[in-house]
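Here are a few exercises to work through with the structure on screen. Try each task yourself before you read its solution.

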Amino acid sequence: MQYTTKTISSQAPALQLKSVSKKFNDITAIDNLTLEIKKGEIIGLLGPNGAGKSTLIKTILGLVKPDSGSIKVLEFSVPQDTVLVKQHVGYVPEHSSAYEFLTGIEFLDFAGDIFQMEQEEKKKRINEFLKALNLEGREGDMISSYSGGMKKKILIISALMHKPELLLLDEPLNTLDPKSARIIKNLIQQLSQQNVTTIIATHILEIAEAVCSRIAIMYEGKLLALGTMDELRQQAKMPNSGLEDIFLKLTGTEDVQLLVEELTK
Ligand SMILES: Nc1ncnc2c1ncn2[C@@H]1O[C@H](COP(=O)(O)OP(=O)(O)OP(=O)(O)O)[C@@H](O)[C@H]1O
Ligand SMILES: [Mg+2]
(Lines give C-alpha, C1' and ligand atoms only; values in the text may rest on other atoms or scores of the structure.)
(Ligands and ions follow the chains in the order given, each with its own letter.)
Protein backbone atom coordinates (compact mmCIF):
# COMPACT_ATOMS: atom_id res chain seq x y z
CA MET A 1 0.00 0.00 0.00
CA GLN A 2 1.04 3.60 -0.42
CA TYR A 3 1.64 5.65 2.67
CA THR A 4 0.57 9.16 1.92
CA THR A 5 2.24 11.76 4.11
CA LYS A 6 4.95 11.54 6.79
CA THR A 7 7.62 8.89 6.32
CA ILE A 8 8.49 6.62 9.20
CA SER A 9 11.88 6.89 10.81
CA SER A 10 13.35 3.59 11.94
CA GLN A 11 14.68 5.19 15.15
CA ALA A 12 11.30 6.31 16.47
CA PRO A 13 9.71 4.02 19.05
CA ALA A 14 6.72 2.05 17.83
CA LEU A 15 4.64 3.42 20.67
CA GLN A 16 5.03 6.07 23.32
CA LEU A 17 2.46 6.87 26.00
CA LYS A 18 3.03 9.61 28.55
CA SER A 19 0.83 9.94 31.64
CA VAL A 20 -2.30 8.70 29.89
CA SER A 21 -5.48 8.55 31.97
CA LYS A 22 -9.06 7.63 31.15
CA LYS A 23 -12.08 7.57 33.44
CA PHE A 24 -15.58 6.31 32.71
CA ASN A 25 -17.65 8.23 35.29
CA ASP A 26 -16.08 7.12 38.59
CA ILE A 27 -14.24 4.11 37.12
CA THR A 28 -10.57 4.72 36.34
CA ALA A 29 -9.85 2.50 33.35
CA ILE A 30 -6.33 3.88 32.67
CA ASP A 31 -4.43 5.49 35.52
CA ASN A 32 -1.51 7.77 34.61
CA LEU A 33 0.11 5.20 32.35
CA THR A 34 3.54 5.79 30.81
CA LEU A 35 4.99 3.26 28.38
CA GLU A 36 7.50 3.02 25.55
CA ILE A 37 7.76 0.14 23.11
CA LYS A 38 10.49 -0.36 20.54
CA LYS A 39 9.93 -1.47 16.98
CA GLY A 40 9.87 -5.24 16.54
CA GLU A 41 8.90 -5.94 20.15
CA ILE A 42 6.12 -8.37 20.99
CA ILE A 43 4.39 -7.20 24.15
CA GLY A 44 2.03 -9.48 26.07
CA LEU A 45 -0.61 -7.33 27.78
CA LEU A 46 -1.95 -9.17 30.79
CA GLY A 47 -4.29 -8.21 33.59
CA PRO A 48 -7.44 -9.40 35.36
CA ASN A 49 -10.88 -8.70 33.87
CA GLY A 50 -11.52 -4.97 33.98
CA ALA A 51 -7.83 -4.06 34.37
CA GLY A 52 -8.01 -1.69 31.39
CA LYS A 53 -6.35 -3.68 28.58
CA SER A 54 -9.05 -3.18 25.94
CA THR A 55 -9.49 0.47 26.89
CA LEU A 56 -5.74 0.99 26.52
CA ILE A 57 -5.73 -0.60 23.07
CA LYS A 58 -8.73 1.46 21.95
CA THR A 59 -7.10 4.62 23.30
CA ILE A 60 -3.92 3.92 21.31
CA LEU A 61 -6.05 3.59 18.17
CA GLY A 62 -7.96 6.79 18.86
CA LEU A 63 -11.27 4.96 19.40
CA VAL A 64 -11.39 6.10 23.04
CA LYS A 65 -10.37 9.66 23.89
CA PRO A 66 -8.07 9.92 26.91
CA ASP A 67 -8.79 12.54 29.60
CA SER A 68 -5.11 13.49 29.73
CA GLY A 69 -1.66 12.48 28.55
CA SER A 70 -0.05 12.09 25.15
CA ILE A 71 0.16 9.19 22.72
CA LYS A 72 2.51 8.66 19.80
CA VAL A 73 2.10 5.72 17.44
CA LEU A 74 5.13 5.36 15.14
CA GLU A 75 5.63 8.99 13.99
CA PHE A 76 2.02 9.94 14.48
CA SER A 77 0.18 11.69 17.28
CA VAL A 78 -3.16 10.49 18.58
CA PRO A 79 -5.79 11.87 18.12
CA GLN A 80 -4.49 14.39 15.54
CA ASP A 81 -3.24 11.76 13.06
CA THR A 82 -5.85 9.08 13.74
CA VAL A 83 -6.45 8.35 10.05
CA LEU A 84 -2.73 7.71 9.44
CA VAL A 85 -2.53 5.63 12.60
CA LYS A 86 -5.37 3.41 11.37
CA GLN A 87 -3.56 2.90 8.02
CA HIS A 88 -0.39 1.71 9.75
CA VAL A 89 -1.98 -0.36 12.50
CA GLY A 90 -3.74 -3.73 12.38
CA TYR A 91 -6.42 -4.07 15.06
CA VAL A 92 -8.25 -7.19 16.15
CA PRO A 93 -11.04 -6.14 18.52
CA GLU A 94 -12.00 -8.25 21.51
CA HIS A 95 -15.60 -8.50 20.29
CA SER A 96 -17.16 -7.49 17.04
CA SER A 97 -20.68 -8.10 15.89
CA ALA A 98 -20.38 -5.57 13.08
CA TYR A 99 -20.64 -6.59 9.43
CA GLU A 100 -22.54 -9.82 10.20
CA PHE A 101 -24.73 -9.00 7.20
CA LEU A 102 -21.77 -9.33 4.81
CA THR A 103 -20.10 -12.48 3.54
CA GLY A 104 -16.52 -13.11 4.64
CA ILE A 105 -15.14 -12.15 1.25
CA GLU A 106 -17.29 -8.99 1.03
CA PHE A 107 -15.98 -7.86 4.41
CA LEU A 108 -12.34 -8.57 3.52
CA ASP A 109 -12.70 -6.84 0.14
CA PHE A 110 -14.19 -3.84 1.90
CA ALA A 111 -11.39 -3.80 4.50
CA GLY A 112 -8.72 -3.98 1.77
CA ASP A 113 -10.31 -1.05 -0.04
CA ILE A 114 -10.35 1.03 3.15
CA PHE A 115 -6.61 0.35 3.46
CA GLN A 116 -6.26 1.41 -0.20
CA MET A 117 -4.67 -1.90 -1.19
CA GLU A 118 -3.90 -2.54 -4.80
CA GLN A 119 -6.59 -4.95 -6.18
CA GLU A 120 -4.32 -7.84 -7.23
CA GLU A 121 -2.31 -7.68 -4.00
CA LYS A 122 -5.55 -7.60 -2.01
CA LYS A 123 -6.92 -10.71 -3.75
CA LYS A 124 -3.62 -12.54 -3.34
CA ARG A 125 -3.29 -11.73 0.37
CA ILE A 126 -6.92 -12.65 1.11
CA ASN A 127 -6.60 -15.99 -0.69
CA GLU A 128 -3.34 -16.84 1.09
CA PHE A 129 -4.86 -16.13 4.49
CA LEU A 130 -8.14 -17.95 3.74
CA LYS A 131 -6.13 -21.01 2.75
CA ALA A 132 -3.73 -20.86 5.70
CA LEU A 133 -6.55 -20.48 8.21
CA ASN A 134 -8.74 -23.17 6.65
CA LEU A 135 -11.51 -20.85 5.54
CA GLU A 136 -11.23 -21.63 1.84
CA GLY A 137 -14.65 -22.45 0.44
CA ARG A 138 -16.49 -20.60 3.24
CA GLU A 139 -15.64 -17.06 2.19
CA GLY A 140 -18.94 -16.69 0.29
CA ASP A 141 -21.07 -17.48 3.38
CA MET A 142 -22.62 -14.80 5.58
CA ILE A 143 -20.45 -13.85 8.57
CA SER A 144 -23.57 -14.34 10.75
CA SER A 145 -23.41 -18.06 9.87
CA TYR A 146 -19.76 -18.48 10.94
CA SER A 147 -18.59 -20.14 14.17
CA GLY A 148 -16.92 -17.93 16.80
CA GLY A 149 -13.44 -18.98 15.72
CA MET A 150 -14.24 -18.39 12.04
CA LYS A 151 -15.43 -14.84 12.81
CA LYS A 152 -12.21 -14.21 14.71
CA LYS A 153 -10.16 -15.47 11.77
CA ILE A 154 -11.90 -12.99 9.45
CA LEU A 155 -11.04 -10.16 11.87
CA ILE A 156 -7.43 -11.38 12.04
CA ILE A 157 -7.14 -11.46 8.24
CA SER A 158 -8.60 -7.96 7.99
CA ALA A 159 -6.04 -6.74 10.54
CA LEU A 160 -3.02 -8.33 8.84
CA MET A 161 -3.74 -8.16 5.13
CA HIS A 162 -2.42 -4.63 4.56
CA LYS A 163 0.96 -5.39 6.19
CA PRO A 164 0.68 -2.96 9.11
CA GLU A 165 3.71 -1.94 11.16
CA LEU A 166 1.96 -2.20 14.52
CA LEU A 167 -0.47 -4.94 15.50
CA LEU A 168 -2.94 -4.35 18.34
CA LEU A 169 -4.48 -7.72 19.06
CA ASP A 170 -7.15 -7.93 21.76
CA GLU A 171 -7.46 -11.59 22.75
CA PRO A 172 -6.98 -12.80 19.18
CA LEU A 173 -6.35 -16.47 19.89
CA ASN A 174 -8.94 -17.37 22.52
CA THR A 175 -11.37 -19.00 20.07
CA LEU A 176 -8.88 -20.34 17.53
CA ASP A 177 -8.13 -24.02 17.04
CA PRO A 178 -4.56 -25.12 17.87
CA LYS A 179 -3.28 -25.16 14.28
CA SER A 180 -4.64 -21.68 13.49
CA ALA A 181 -3.33 -20.32 16.80
CA ARG A 182 0.10 -21.77 16.00
CA ILE A 183 0.06 -20.10 12.57
CA ILE A 184 -0.77 -16.71 14.07
CA LYS A 185 1.83 -17.09 16.86
CA ASN A 186 4.54 -18.01 14.33
CA LEU A 187 3.45 -15.19 12.06
CA ILE A 188 3.75 -12.62 14.85
CA GLN A 189 7.26 -13.87 15.61
CA GLN A 190 8.28 -13.83 11.96
CA LEU A 191 6.87 -10.30 11.53
CA SER A 192 8.85 -9.18 14.56
CA GLN A 193 12.01 -10.08 12.60
CA GLN A 194 10.78 -7.60 9.98
CA ASN A 195 10.44 -4.92 12.67
CA VAL A 196 6.66 -5.24 12.99
CA THR A 197 5.58 -4.51 16.56
CA THR A 198 2.79 -6.41 18.31
CA ILE A 199 0.78 -5.80 21.44
CA ILE A 200 -1.29 -8.82 22.31
CA ALA A 201 -3.80 -8.71 25.15
CA THR A 202 -4.37 -12.21 26.42
CA HIS A 203 -5.40 -14.31 29.40
CA ILE A 204 -3.54 -17.29 27.97
CA LEU A 205 -0.33 -16.99 29.93
CA GLU A 206 1.46 -19.76 28.01
CA ILE A 207 1.09 -17.66 24.85
CA ALA A 208 2.54 -14.61 26.54
CA GLU A 209 5.43 -16.61 27.96
CA ALA A 210 6.19 -18.39 24.68
CA VAL A 211 5.77 -15.59 22.16
CA CYS A 212 6.38 -12.22 23.81
CA SER A 213 9.68 -10.37 24.21
CA ARG A 214 8.30 -8.38 27.16
CA ILE A 215 5.24 -8.71 29.33
CA ALA A 216 3.11 -5.86 30.66
CA ILE A 217 0.85 -6.52 33.62
CA MET A 218 -2.03 -4.09 34.12
CA TYR A 219 -4.08 -3.85 37.29
CA GLU A 220 -6.82 -1.32 38.01
CA GLY A 221 -5.65 0.85 35.12
CA LYS A 222 -2.02 0.94 36.24
CA LEU A 223 1.01 -0.71 34.71
CA LEU A 224 2.18 -2.97 37.56
CA ALA A 225 5.13 -4.41 35.68
CA LEU A 226 6.78 -4.37 32.28
CA GLY A 227 9.73 -6.56 31.48
CA THR A 228 11.16 -9.80 30.20
CA MET A 229 10.30 -12.99 32.07
CA ASP A 230 13.59 -12.70 33.98
CA GLU A 231 12.87 -9.11 34.95
CA LEU A 232 9.38 -10.07 36.16
CA ARG A 233 10.84 -12.93 38.21
CA GLN A 234 13.22 -10.44 39.85
CA GLN A 235 10.46 -7.90 40.49
CA ALA A 236 8.24 -10.56 42.07
CA LYS A 237 11.22 -12.06 43.95
CA MET A 238 10.28 -15.46 42.52
CA PRO A 239 13.46 -16.61 40.74
CA ASN A 240 12.19 -20.04 39.71
CA SER A 241 8.54 -19.36 38.98
CA GLY A 242 6.44 -19.40 35.84
CA LEU A 243 4.29 -16.56 34.63
CA GLU A 244 1.09 -17.79 36.28
CA ASP A 245 2.53 -17.64 39.80
CA ILE A 246 4.21 -14.30 39.13
CA PHE A 247 0.98 -12.87 37.70
CA LEU A 248 -1.04 -14.03 40.70
CA LYS A 249 1.50 -12.60 43.14
CA LEU A 250 1.78 -9.21 41.40
CA THR A 251 -1.99 -8.87 41.08
CA GLY A 252 -2.54 -9.91 44.70
CA THR A 253 -4.47 -13.10 44.02
CA GLU A 254 -2.22 -15.65 45.72
CA ASP A 255 -5.00 -16.82 47.99
CA VAL A 256 -6.75 -18.80 45.23
CA GLN A 257 -6.89 -22.00 47.30
CA LEU A 258 -8.54 -20.15 50.19
CA LEU A 259 -11.16 -18.74 47.83
CA VAL A 260 -11.88 -22.20 46.42
CA GLU A 261 -12.25 -23.61 49.93
CA GLU A 262 -14.73 -20.85 50.80
CA LEU A 263 -16.73 -21.60 47.67
CA THR A 264 -16.89 -25.34 48.34
CA LYS A 265 -17.82 -25.15 52.02
N1 LIG B 1 -17.53 2.29 27.43
C2 LIG B 1 -17.40 2.12 28.73
N3 LIG B 1 -18.26 2.70 29.60
C4 LIG B 1 -18.11 2.55 30.93
N5 LIG B 1 -17.14 1.82 31.52
C6 LIG B 1 -16.26 1.22 30.70
C7 LIG B 1 -16.35 1.32 29.28
N8 LIG B 1 -15.33 0.62 28.73
C9 LIG B 1 -14.65 0.08 29.77
N10 LIG B 1 -15.21 0.44 30.94
C11 LIG B 1 -14.73 0.04 32.27
O12 LIG B 1 -13.33 0.26 32.31
C13 LIG B 1 -12.69 -0.79 33.03
C14 LIG B 1 -11.65 -1.44 32.11
O15 LIG B 1 -12.32 -2.18 31.10
P16 LIG B 1 -11.55 -2.94 29.95
O17 LIG B 1 -12.57 -3.45 28.98
O18 LIG B 1 -10.51 -2.04 29.42
O19 LIG B 1 -10.86 -4.14 30.75
P20 LIG B 1 -10.01 -5.39 30.22
O21 LIG B 1 -8.72 -5.37 30.96
O22 LIG B 1 -9.98 -5.38 28.76
O23 LIG B 1 -10.87 -6.60 30.76
P24 LIG B 1 -11.14 -8.07 30.13
O25 LIG B 1 -9.99 -8.93 30.54
O26 LIG B 1 -12.41 -8.51 30.80
O27 LIG B 1 -11.29 -7.95 28.65
C28 LIG B 1 -13.80 -1.74 33.48
O29 LIG B 1 -14.13 -1.43 34.82
C30 LIG B 1 -14.95 -1.43 32.54
O31 LIG B 1 -16.20 -1.66 33.17
MG1 LIG C 1 -10.64 -6.64 27.32
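**Exercise 1.** Which exposed residues does the face of α3 turned away from its buried side carry?

*Solution.* Keep in mind that this is a predicted model. Start with the buried side: α3 spans residues 104–114, and G104, F107, L108, A111 and G112 are buried there. These five sit on the same side of α3 because they cover an arc of only 135 degrees around the axis. Now turn to the opposite face, and you'll find F110, D113 and I114 exposed.

**Exercise 2.** Find what the buried residues of α3 pack against, then look just past the helix.

*Solution.* Follow the buried residues of α3 and you get to α4 (119–132) and α5 (148–160). Then step just beyond α3: Q116 has a positive phi of about 55 degrees.

**Exercise 3.** Work out which elements give two or more residues to the shell around ligand 1.

*Solution.* First collect the shell, which includes F24, I27, A29, K53, S54, T55 and E94. Next, look for elements giving two or more: they are β2 (27–37) and α1 (53–61). The largest share, 3 residues, comes from α1. Last, sort the shell by type, and you get 4 nonpolar, 6 polar and 2 charged residues.

**Exercise 4.** In the largest nonpolar core, pick out the residues that touch the most other members.

*Solution.* That core has 70 residues, and the ones to pick are I60, V73, I157 and L168. Zoom in on V73: leaving aside neighbours within four places in sequence, V73 is in contact with L15, I60, V78, V85, V89 and L166.

Methods
Residues are numbered from 1 along each chain as its sequence is written. Chains are lettered from A and ligands numbered from 1 in the order in which they are written. This is a predicted model: local features need pLDDT of at least 70, side-chain atom pairs count only at pLDDT 80 or more; totals for chains, interfaces and linings use all residues. A nonpolar core is a set of buried Ala, Val, Leu, Ile, Met, Phe, Trp, Tyr and Cys residues joined through C-beta atoms within 7 Å. A residue is buried if 20 or more other C-beta atoms lie within 10 Å of its own, exposed if 12 or fewer, and partly exposed in between; C-beta atoms are placed from the backbone. Two residues are in contact if their C-beta atoms, placed from the backbone, lie within 7 Å. Helices (H or I, at least four residues) and strands (E, at least two) are DSSP runs, numbered from the N terminus. The arc is that of the directions from the helix axis to the C-beta atoms. A residue is near a molecule or strand if its C-beta atom, placed from the backbone, lies within 6 Å of it. Ala, Val, Leu, Ile, Met, Phe, Trp, Tyr, Cys and Pro count as nonpolar, Asp, Glu, Lys and Arg as charged, and the others, Gly among them, as polar.
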